Structures are given as C-alpha cells and as structure tokens.
Amino acid sequence: TLLSFFNLQDLNLLSLATASPVVRRNDTDQQALLQFKAKITGDQLKIMESWNSSIHFCQWPGVRCGRKRRRVTNLELGFLKLSGSLSPYIGNLSFLRELDLAGNSFYNQIPQEIGGLRRLEALDLTDNSISGEIPSNLSACSKLIIVDMTNNQLTGEIPSLLGLLSNLKVLGFFHNRLIGSIPPSLGNLSSLVKLGLQNNALSGTIPEAFGQLRNLSRFSISGNAISGIVPVAMFNLSNIRDFDIGVNKIQGTLRSDLEINMPHLEYFSVGENQISGQIPISIFNATYLNVLELNGNRFNGNVPSLEKLDKLSNLELSQNYLGHGREGDLHFLCSLVNNTSLEFLFISDNNFGGEFPECISNFSKTLSQLGIYNNKISGRIPEGIGNLINLELLVVFKNQLSGPIPFNIGRLQKLKLFLAYMNILSRTIPHSIGNLTELIKLDLNFNNLQGSIPSGLGELDVSQNRLSGLLPENLGSCVSLEKLFLEGNFFEGPIPSSLSSLRGLEALDLSDNNLSGGIPKFLVLFGALKYLNLSFNNFEGVVPSEGVFKNASTTFVEGNSKLCGGIPELHLSRCNSKTSENTSLKLKITIIVVILGVTLVFSIFLIIWFRKKTEQKPTTTHVENSLLQLPYQSILRATNGFSPQNLVGSGSFGSVYKGILEANGAVIAVKVFNLLNHRASRSFLVECEALKNIRHRNLVKVLTAISGIDYKGNDFKALVYEFMKNGSLEDWLHPSVGMNKPETMRNLNFFQRLNVAIDVAHALEYLHHRCETPIIHCDLKPSNVLLDGEMVGHISD
C-alpha cells in the first residue's frame with residue numbers, strides 16, 4: 001500500500017494532488033464541500049441549496065468549523081434523505097474529525113481518499129447502500145474512535161490492518177455481505193467496547209486473542225457461519241453486557257461447572273449452534289440477565305434453578321435434549337415465580353416429563369408467550385392459567401396432558417393462539433373460550449373432547465374428538481376464517497346457511513360425522529376453496545359440477561349413499577328424471593354458449609390475422625392466463641395483507657402494491673382503488689373501459705380486474721398489472737431515499753435514454769393513431785414510464 005512508502009503527511013499531499021487542484025488556505029475546504037455536493041443526486045429536503053456563496057461555508061447546514069482556523073471539523077449530514085456517491089474530494093478536508101452520513105442513501109464505494117483524514121475520530125456510514133470493500137488504509141486514521149458501517153452492502157473481507165487502530169472503541173459492520181475469517185489482529189484493539197459483526201457471511205473461528213478484550217461490553221457475531229469453539233477466556237470478560245454468537249456453526253462441549261464470570265451480563269445468546277454438554281450453573285449468577293437463549297443446540301441434563309434471575313424477560317431452551325422424561329424435570333419453572341419481568345418462556349422440543357406444575361398459575365402477569373410443546377409433560381392444564389391475563393400464545397401440543405380444558409382460560413382476553421392437539425384432553429370445550437375475541441387459531445384435534453362447539457370461535461381445528469350437536473350458526477360470523485376442520489366427530493343436521501359468508505375459506509373438512517341435508521349451493525361460489533371433504537355423512541341430493549366441485553382431486557364426497565350427479569370422476573349415480581330434464585336443459589344451454597364462444601373466438605382470430613401486418617399482437621403468457629380469475633383472498637395473501645412493506649406508490653384514487661402469487665410465484669403489481677374517494681369508482685370503470693381494447697409492447701399490461709367485496713363486506717376494486725422489475729424512469733433520473741440497491745442507482749447512459757424515449761414515442765403513436773378511439777394520456781411524466789427487466793419502457797396510467 002501507499003503507507004509502505006509515504007508517511008501520513010505525504011499521503012495527505014498525495015490525496016490533494018490527485019483529488020483536486022491545490023488551493024491555498026481554507027479555500028480547499030470550500031472546494032471539497034462543493035465537490036461533495038456535486039455528487040449528490042437526491043436531496044428531498046433541499047439541504048444542498050444552502051451550500052452556495054451567499055454565506056460562508058462554515059454556516060452551511062451540516063458543516064461545523066473550528067473557531068481559530070475556520071477549517072471544517074465536522075460534517076454532520078445524518079438522516080437528511082440525501083442520495084448519491086461519496087466524492088473522493090472528501091479526502092481534502094484535512095481537519096475533519098467527524099464524518100456522519102448515517103441514514104441516507106449513499107451508494108457506490110467508499111473512496112480511498114478517506115484514509116488520508118489523519119485527524120478523523122468518528123466515521124458513521126450506517127444505514128446506506130454503500131458497496132465495495134472496506135478501505136484497508138483506514139488504518140492510517142490513527143485517531144479513529146468510532147467506525148460504524150452497519151446496514152450497507154459491503155463485500156470482501158475485514159482488513160486485518162484495522163487492528164492498528166489502537167484508540168478504536170466502536171467497530172460495527174453488521175448487516176453487510178462480508179466474507180472470510182475474523183482477523184485475529186482485532187484482538188489487539190484493547191480499547192474496544194463494542195464489536196458488531198452479525199448478519200454477514202463470515203466463516204472461520206473466533207480468534208483466541210478476543211479473550212484479551214477486557215473493555216468489551218457488546219459482542220455480536222450472530223447470523224454467520226463461524227465454527228470451532230468459544231475461547232474459554234471470553235467467558236471471563238467481566239465487562240460484557242451483550243454476548244451473542246447465535247445462528248452459527250459453533251461446537252464444543254460445556255460442563256455444568258464451567259466458570260462464567262460476567263456479572264453485568266444482560267443478553268446471552270448461543271442459540272442455533274452445535275454446542276453440547278450441560279448448562280453451566282454459573283450463568284445463573286448473572287442477576288442482570290434479561291435474555292437467555294440456549295435453543296437449537298444439544299444441551300442435556302437438568303436445568304438449574306433460576307431464582308436469582310428476577311430480571312429475566314425471555315427464556316428460550318427449545319430444541320435441545322434437556323430433561324429425563326420423568327417427574328422433577330420442571331422444578332426449575334417454579335423458581336421463576338417471583339420474577340416480575342418474564343414475557344417469553346419456551347421449553348419445547350425437549351425431553352421434559354412430569355406433571356404440568358401448578359406454580360405456573362403464579363407466574364408474572366407480564367407473561368405473553370408460553371410454549372411447552374413436543375415433550376412428555378402430563379397432568380392437567382392448571383386452572384390458574386387464567387391468572388396470566390396478558391398471555392397471547394399458549395402452545396402445549398404433542399404432550400400427555402389429560403383432563404378438561406380449564407374454564408378459566410376464558411379470562412385470557414388477549415389470547416390469539418391456543419394449540420393443544422395430540423394430547424389426552426377430555427370432557428367438553430369450555431364455553432368461556434367463546435369469549436376470546438382475539439383468538440386467531442384454536443387447534444384441539446386428536447384429543448378425547450366431547451359435547452358441542454362453543455359459540456364465537458374463530459379459526460378452528462377440533463377434528464378427531466367426540467363433539468356432537470348441530471354446527472353453530474355463528475361460525476358464519478368469522479368472516480376471516482381460512483381453514484375449518486371438524487372431521488371425526490358426531491355433528492348432525494345440515495350445513496348452516498350462515499356459512500355462506502365465509503368466502504375466504506380455503507379448506508373445509510366435515511367428513512366422518514352424521515351431517516345430513518343437501519350440499520349448499522353457496523359452496524360453488526367460494527373462489528378460494530381448494531379442499532372440500534364431505535365424505536362419510538348422510539348428505540343427499542345433487543352434487544354440483546361447478547366451482548370446487550369441478551376437480552375430483554380437491555373434492556371428496558364418498559360414503560354418502562344418497563348423493564347423485566356431479567362430475568363423472570366422482571362415480572356417483574345419475575339423478576332422477578326431473579333432475580335429468582334440468583340437467584339436459586343446462587346441457588343444451590351450455591352447448592349453445594360454447595358454439596357462440598367458439599364462433600366469437602374464431603372471429604377474433606380472423607381480425608388478428610388481418611391486423612397482423614400493421615402490428616404484431618404480443619403473445620399472452622402462461623402467467624396472464626392464470627391470472628384471469630383471481631379471488632380477493634389470493635390478492636390479500638400475495639401482498640402480505642396489503643403490507644406497507646409491499647407498497648410501491650399511492651395517489652388520490654388508490655395505492656399500488658407489489659405481490660407474489662403463491663400458486664405460481666408470479667410477481668404482480670396490484671392497484672387497489674380507494675373507494676372512499678367518490679371519484680375512484682368512476683376512475684376504475686374508465687380505466688377498465690380504456691384498457692380492455694388496447695395492447696402494445698410499450699404499454700403496461702393489465703392482467704385482470706377485480707371487483708367484489710372484502711372480508712368485511714366492503715366494496716373492493718383493483719387492477720392487476722404486469723410488474724416492472726426496474727421501477728420508473730423517475731427512479732433512474734432522480735433516485736430517492738427509498739432506492740437502496742446500487743444496481744438501480746447507476747445512471748442511464750445515452751443509448752438507454754434514447755431507447756426509452758423511442759419506446760414512449762411508439763406507445764404514444766399507438767394511442768393517438770392506431771386505437772379504434774384515439775386516447776390522449778394527459779399525464780405523461782417520468783414516474784409514469786416504467787422499465788421492465790430488459791429496460792424496455794412502458795407507459796402506465
């Protein structure tokens with residue numbers, strides 16, 4: 001490197017000579033700042049407009065100067081919605097002590113010239129889109145105290161020369177794409193307080209030298225591929241507060257008598273590794289411990305007493321080999337009774353046995369999630385479980401629990417998930433469960449429950465029990481219900497008409513009951529229904545042939561001797577003469593419709609053939625065909641419930657979301673109309689009318705239109721478009737803070753700009769001269785020109 005041949009002064013002179021012409025006095029700083037400004041391509045808050053000659057540069061926003069020399073000492077531009085690349089001229093700010101560009105959208109590489117800032121003490125580039133490698137010549141900035149480049153797109157290895165920064169206290173590179181081993185030289189950073197390397201692709205082992213970092217308070221390497229063992233000396237770093245090595249490939253065997261001397265420890269995670277042996281008793285001397293994660297390893301034996309951990313809020317012991325499958329395994333839980341902070345407790349997927357301890361009733365009211373599933377726990381669910389009034393998740397499935405479900409469970413008004421399947425629970429389902437208005441899923445299948453279903457239940461699996469009586473009418477009020485499993489019980493009577501409101505239902509299983517009556521016609525209208533099992537009941541009458549009934553692989557009706565009709569694959573008997581006459585009439589109508597349809601299609605083909613010389617019609621893709629009929633449920637799931645993270649843009653008439661269809665993985669753009677705006681419905685109709693007769697390679701394709709109601713019964717209208725991978729022309733010409741990928745931030749070259757202009761011209765020529773009714777766009781602007789994966793331009797509305 002240059003440092004081998006030049007001292008720091010020579011390096012500074014070299015950067016001045018190569019970065020810009022030599023300018024005397026503090027004019028150097030002004031010119032460097034103006035060059036920095038020149039690389040800014042996005043400035044939403046108009047910060048850079050004040051960087052002009054009307055005022056001294058020391059008064060420019062974000063710039064601080066020294067009092068005597070009036071040279072720039074601080075550049076504080078964090079979280080100002082700036083975007084652009086970092087100018088190499090920044091290396092000319094030779095008096096700079098702090099460079100803070102955090103929380104912006106800077107991209108491209110870090111200029112090597114930063115290594116010439118020999119007075120620099122703090123470098124904060126967190127939360128940007130900076131790529132490339134970490135400059136190794138940062139080691140020349142010997143006064144650095146803070147180096148934080150968290151949440152960028154840095155690649156390559158961590159330079160070993162950073163071990164020369166003897167004053168460094170904070171080193172943060174997490175949430176990047178770094179590879180290679182952790183340099184042992186970092187163990188020489190005796191002043192280091194915080195080291196964050198999590199969520200990269202680092203490999204190798206934890207350097208032995210890290211046991212020398214006596215001032216280290218926060219240490220995280222989680223989410224990498226680190227292997228080997230933890231240096232024993234690290235367990236004696238007495239200033240450690242956060243110790244996180246989770247989600248790696250770390251091995252080794254721990255002993256119960258291993259000395260862990262971390263008196264200030266608050267967060268300790270070794271989860272999801274390959275560590276075996278017993279849990280060291282000494283870890284429970286850390287009285288400030290808030291989070292303890294040992295899950296996903298190979299720990300065995302007993303869990304020591306937790307009575308000293310009165311500040312513990314999260315205990316995660318799942319997926320180990322803890323316990324011996326006998327009484328006494330769960331005694332450690334009762335040592336948590338005096339804890340007033342516990343929120344999350346998971347001991348699932350172990351070998352714990354013995355009875356469900358009654359002491360659970362005395363747990364803190366702060367407990368939110370309790371998971372003890374997949375063990376060998378027996379006895380009753382304690383009646384006092386109702387004392388845990390803030391419980392949201394109770395998961396006890398795959399155990400040996402017996403007796404009734406406690407009536408007091410109805411007190412858990414915040415309960416969202418109760419999974420108790422595959423136990424030996426008996427008696428009736430307490431009616432108090434019907435009071436749990438926030439309950440999302442109740443799964444009690446494979447137990448020994450009897451009686452009827454309480455009113456007011458939501459999503460629901462109570463299959464393989466002994467429930468009886470009529471199906472509750474109020475099941476129809478659960479309009480968000482997606483799966484309903486009631487098979488293997490003793491229900492009787494007809495399917496209630498109130499279930500017709502469950503239009504989002506994906507799976508319905510009523511098999512192996514004593515249900516009777518006809519098959520409701522409303523099941524044909526359930527567009528989201530992909531699985532229907534009515535087998536082995538007493539249903540009678542005609543089986544429909546439409547909707548879900550068209551597919552014998554998704555509909556099951558065997559074991560109902562009085563059913564007739566349906567598609568031939570169901571192998572049912574023919575219905576009586578009256579039904580046959582109706583069927584014959586329907587058949588005739590169907591034939592006529594088919595003939596008319598064929599004639600229409602043939603006519604369309606002729607028209608296309610005649611117009612082929614003037615314009616070639618794009619081929620309809622498989623994705624388009626599969627999207628012609630999309631139910632509301634598919635759109636909801638594709639956009640993750642219209643999540644803000646999927647929001648692409650919004651306007652007065654609606655919002656556009658990115659979606660991925662579960663059925664075929666197709667990427668779509670969904671424009672959902674805001675029907676609270678009285679003009680939106682009119683806009684929807686106008687767009688449908690205009691778009692149904694136009695198609696051109698440079699117009700965004702409308703794949704389908706949706707008009708119906710959502711789960712709340714409100715009107716819902718949306719248009720589904722082909723998704724444009726490369727965003728809008730606006731994003732390329734004027735990148736915003738939301739653009740965080742370097743590949744989308746590079747400038748368009750001349751030929752790309754010319755091609756996009758030609759694409760737009762082709763689209764306008766088609767709209768103006770080759771549509772049956774000429775169409776004037778009226779709102780042509782860069783944000784309405786979208787670019788596909790091949791950078792072909794498409795005009796949108």
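Tutor: Start with the cut-off: a disulfide here is a pair of cysteine sulfur atoms within 2.5 Å. Cys334 and Cys359 meet it, with S to S 2.2 Å. Keep in mind that this is a predicted model.

Student: Which hand does the link of Cys334 and Cys359 have?

Tutor: Left-handed, with -85 degrees about the S-S bond. The pair links distant parts of the chain, 25 residues apart. Cys334 is in helix 3 (residues 331–334). Cys359 is in the loop between strand 22 (353–355) and strand 23 (369–371).

Student: How many disulfides does the count come to?

Tutor: The count is 3 disulfides. Number the bonded cysteines in sequence order and the pairing reads 1-2, 3-4, 5-6.

Student: What about Cys58 and Cys65?

Tutor: A disulfide joins them, S to S 2.1 Å. The torsion about the S-S bond is about -95 degrees, so this disulfide is left-handed. Cys58 has 10% relative accessibility and counts as buried. Cys65 is also buried, at 17%.

Student: And which hand for Cys564 and Cys575?

Tutor: Right-handed, with 100 degrees about the S-S bond. Cys564 lies in strand 40 (residues 562–565), and Cys575 in the loop between strand 40 and helix 4 (577–611), so the link ties together parts 11 residues apart in sequence. The S to S distance is 2.1 Å.

Student: Why does Cys564 count as buried?

Tutor: Buried means under 20% relative accessible area. Cys564 is at 11%, so it counts as buried. Cys575 is at 15%, so it is buried too.

Student: What about Cys141?

Tutor: Cys141 is buried, with a relative accessible area of 0%.

Student: Change of topic. How many aromatic pairs?

Tutor: The count comes to 15 aromatic pairs. One of them is Phe36 with Trp51, a tilted pair. The centres are 6.1 Å apart, with 35 degrees between the planes.

Student: Where do Phe36 and Trp51 lie?

Tutor: Phe36 is in helix 2 (residues 27–38) and Trp51 is in the loop between strand 1 (40–43) and strand 2 (63–65), so the pair ties together parts 15 residues apart in sequence. Phe36 is buried at 1% relative accessibility. Trp51 is buried at 1%.

Student: Which rings form a cluster?

Tutor: Ring pairs link Phe36, Trp51, Phe57, Trp60 and Phe106 into a cluster.

Student: What sits over the ring of Phe95?

Tutor: The charged end of Arg119, 4.0 Å from the ring centre.

Student: Last bit, the whole protein. How many helices and strands?

Tutor: There are 9 helices and 47 strands. Of the 797 residues, 49% count as buried. The protein exposes about 38,200 Å², and carbon and sulfur atoms supply 52% of that area.

Technical notes
Residues are numbered from 1 along each chain as its sequence is written. This is a predicted model: local features need pLDDT of at least 70, side-chain atom pairs count only at pLDDT 80 or more; totals for chains, interfaces and linings use all residues. Side-chain values use heavy atoms; hydrogens and water are left out. Helices (H or I, at least four residues) and strands (E, at least two) are DSSP runs, numbered from the N terminus. Buried means under 20% relative accessible area, exposed over 50%, partly exposed in between (1.4 Å probe, protein chains only). Accessible areas come from the Shrake-Rupley method with a 1.4 Å probe; for residues, only the protein chains shown count as cover. Rings of Phe, Tyr and Trp (its six-membered ring) pair if their centres lie within 6.5 Å; planes under 30 degrees apart count as stacked, over 60 as edge-to-face and the rest as tilted. A charge sits over a ring if NZ of Lys or CZ of Arg is within 6 Å of the ring centre and within 35 degrees of the ring normal.
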